[in-house]
Every structure is written in structure tokens, then in C-alpha cells.
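Please consult the sequence and the model shown below while reading.

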Amino acid sequence: ILLARSGFRVTAFDLVEKAVSIAKQRVADAGEMSGTLDVYQANVFELDKTPFHNMKFDTVLDSAIFHCIGDDDAQRRYVETISKYVRKGGRFVMHVFSDQNPDPWVGPRRISEAHVRTFFNETTGWKVDIRPAFYQDTIQAAGGGKAIFMVAERTVD
């Protein structure tokens, strides 16, 4: 909503119907915006079935998807899918839980910088900037919350 209020054209999706319903209500409650915000229910692995399947975006934001997706193969398919939607020169922004979080761990999969770089690198068409970060939530209070923040620029179409 903040981005749409600032004049951006925003396309958002979630797999969970309830989350989409809440988001649509928040958009309606937000009132007039100088940009647009369209919210869809969609599976990240089936974006070819969405109204935006032919679009390329300037920026794609991963909000707790990569570290919640199961195994390495699923993460590879996710990156391959998302890569189709970022225009050359566009950016993919990702914030994931770091492998630097201590045990015992009850959160989503912890991700190392090396693991991220197996998917996002020059060979796969990305110029990558990775920085240490934090999640500001209850996990951090327990000594966790360490994260990786990545901005990757798409170098190919």
C-alpha cells in the first residue's frame, strides 16, 4: 500500500486465500492512491496462469518465500520461475533467515550466503549484493533473527 500511495504500480500475490482477502480489504480501506495495487491469489510455481503472466517487473520482492520453500530443487524451480518476471536491469530483493542463527531453531529454513549464491550468480544471470541483516520479531528476542538481505540485478532477458 505504501508503494502504491507513492505512485508505484504494484502487483502482489499470495497462495493463501485468507491472506489475499485481508490484503484486498486493506487496499480498499486505504482509499485513493496515486499508484495502483492489484492483489491475486496465485501459486508461485504457476504464475503462467495469472493475469500478469506476460509481464516483466522492475522490482520483485520476496517476502518470506525462499526460506519457506522446501528443498534445494524447489528453491531452484522458484528462482527459475521468478527470473522470468524480472526485466533485464530489474531487481530481485530477498530477505531470508541466516544460517548464523543458533540452535535450537524453530523458524523457517536457515539459509547461508553460499547457498543463496548457488542460485543467484553471474552464470544464472544475476549481479548480486548480499548483506547481513535482521528480522525484527519475536525470534530475535530468543537470540535469533539474523538474516541475509540480497538485492540481485537481472543481467539477461
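Phenylalanine 97 has a relative accessible area of 4% and is therefore buried (under 20% relative accessible area; exposed means over 50%, and partly exposed lies in between, with a 1.4 Å probe and protein chains only). The model is predicted: local features need pLDDT of at least 70, side-chain atom pairs count only at pLDDT 80 or more, and totals for chains, interfaces and linings use all residues. Residues are numbered from 1 along each chain as its sequence is written, and side-chain values use heavy atoms, with hydrogens and water left out.

**Aromatic rings and charges**

The structure holds 13 aromatic pairs, a pair being rings of Phe, Tyr or Trp (its six-membered ring) with centres within 6.5 Å. Phenylalanine 97 and tryptophan 105 form an edge-to-face pair, because their ring centres are 5.2 Å apart and their planes stand at 70°; planes over 60 degrees apart count as edge-to-face, those under 30 degrees as stacked and the rest as tilted. One aromatic cluster is formed by Phe66, Tyr78, Phe92, Phe119, Phe120 and Trp126.

Trp126 also has a charge over its ring, that of arginine 154. A charge sits over a ring if NZ of Lys or CZ of Arg is within 6 Å of the ring centre and within 35 degrees of the ring normal.

| Charged residue | Ring | Distance from ring centre |
|---|---|---|
| Arginine 77 | Phenylalanine 45 | 4.5 Å |
| Arginine 154 | Tryptophan 126 | 4.7 Å |

**The sheet and its helix**

Four strands make up an open sheet of mixed pairing, in the order S3-S4-S6-S5. Strands (E, at least two residues) and helices (H or I, at least four) are DSSP runs numbered from the N terminus, and two strands pair if DSSP finds at least two bridges between them. Strand S3 (57–63) and strand S5 (126–134) are the edge strands, each pairing on one side only. S3 and strand S4 (residues 86–97) are parallel and share six bridges. In this arrangement, phenylalanine 57 stands opposite valine 86 in S4.

Helix H3 (residues 72–83) packs on the sheet and touches S3, S4, S5 and strand S6 (146–154), where contact means heavy atoms within 4.5 Å. The direction of H3 makes about 145° with that of S4; axes are lines fitted to C-alpha atoms, for helices over the stretch in contact, and angles run from 0 to 180 degrees between N-to-C directions.

**Domains**

The chain is divided into domain 1 (1–43) and domain 2 (56–154), with bounds from an automatic or database domain assignment. Their C-alpha centres lie 22 Å apart.
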